[in-house]
Amino acid sequence: MSTQARPTVVIAEDESLIRLDLAEMLDELGYDVVGQVGDGAAAVRLVEQLSPTIVVLDVKMPILDGLTAAERIGAFGKTAIVMLTAFSQRELVERATDAGAMAYLVKPFSETDLAPTLEVARARHAERLALESEVSDLQARIEARKVVERAKGELTRKFGLDEAAAFRWLQKAAMDRRMSMAEVSAVVITELADKDS
């Protein structure tokens, strides 16, 4: 028996029979339904509270429609969004995609429709998270590079070092202090700025 945790799902569907059928199908597919609600506002609160793997949102719901709920849930960035609707108009699909939906399921649906839709949503969400992480890492590296370049400039200006010598000085200081070059560079910038004032 596998010890891997079952993916969790929140269902937001205002029709209780569809909600119950969906929960049963999800259970049979190996998903753990951790919450069921009948409106978009409750869905947003529940997803924020539980951080499920997937949320299945009906497009047409009271209080807060599924598209608006999807936008708010998408802002959390932790949950794959699957939109559920009786309508398959292109404009609705585009709005759902813009709202952060990773997959789309048209009613009536069967378990054989549901399984690949959920897998696609999970895969797309994982890709998105990986890309966001990569972008964040690149931004951090660019910022670190800017700090190092600025510190080299300060060392060159203050002590007449050439660029290569300033780099070597920062590199050695980082190794000696067991700090990153960006951290050492930030200290250099601060200390030299204090001396200038």
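How many bridges pair E1 and E2, and in which sense? The two strands pair over 5 bridges, in the parallel sense. Here strands (E, at least two residues) and helices (H or I, at least four) are DSSP runs numbered from the N terminus, and two strands count as paired if DSSP finds at least two bridges between them. The model is a predicted one, with local features needing pLDDT of at least 70 and side-chain atom pairs counting only at pLDDT 80 or more, while totals for chains, interfaces and linings use all residues. Residues are numbered from 1 along each chain as its sequence is written, and side-chain values use heavy atoms, with hydrogens and water left out.

Zooming out, the sheet is open, has 5 strands and runs in the order E2-E1-E3-E4-E5 with parallel pairing. Its edges are E2 (32-37) and E5 (103-106), each of which pairs on one side only. From one strand to the next the twist averages 20 degrees; angles run from 0 to 180 degrees between N-to-C directions, and axes are lines fitted to C-alpha atoms, for helices over the stretch in contact. Helix H2 (residues 40-50) packs on this sheet and touches E1, E2 and E3, its direction making about 145 degrees with that of E2. Contact means heavy atoms within 4.5 Å.

Now for E3. Strand E3 (residues 54-58) is largely enclosed by the rest of the structure, because 5 of its 5 residues are buried (under 20% relative accessible area, with exposed over 50% and partly exposed in between; 1.4 Å probe, protein chains only). Both faces are covered, with Ile 54, Val 56 and Asp 58 buried on one side and Val 55 and Leu 57 on the other. E3 runs parallel to E1 (residues 8-12), joined by 4 bridges, and Leu 57 is the bridge partner of Ala 12. Leu 57 also has a bridge partner in E4, namely Met 83. From E3 the chain crosses through helix H3 (residues 66-76) to E4, a β-α-β crossover that is right-handed (clockwise from the first strand over the helix to the second, with the strands pointing away from the viewer).

Then there are the helices H5 (residues 111-159) and H6 (residues 163-177), whose axes come within 9 Å and cross at roughly 115 degrees. Residues making this contact include Val 148, Leu 155 and Thr 156 of H5, and Phe 167, Trp 169 and Leu 170 of H6.
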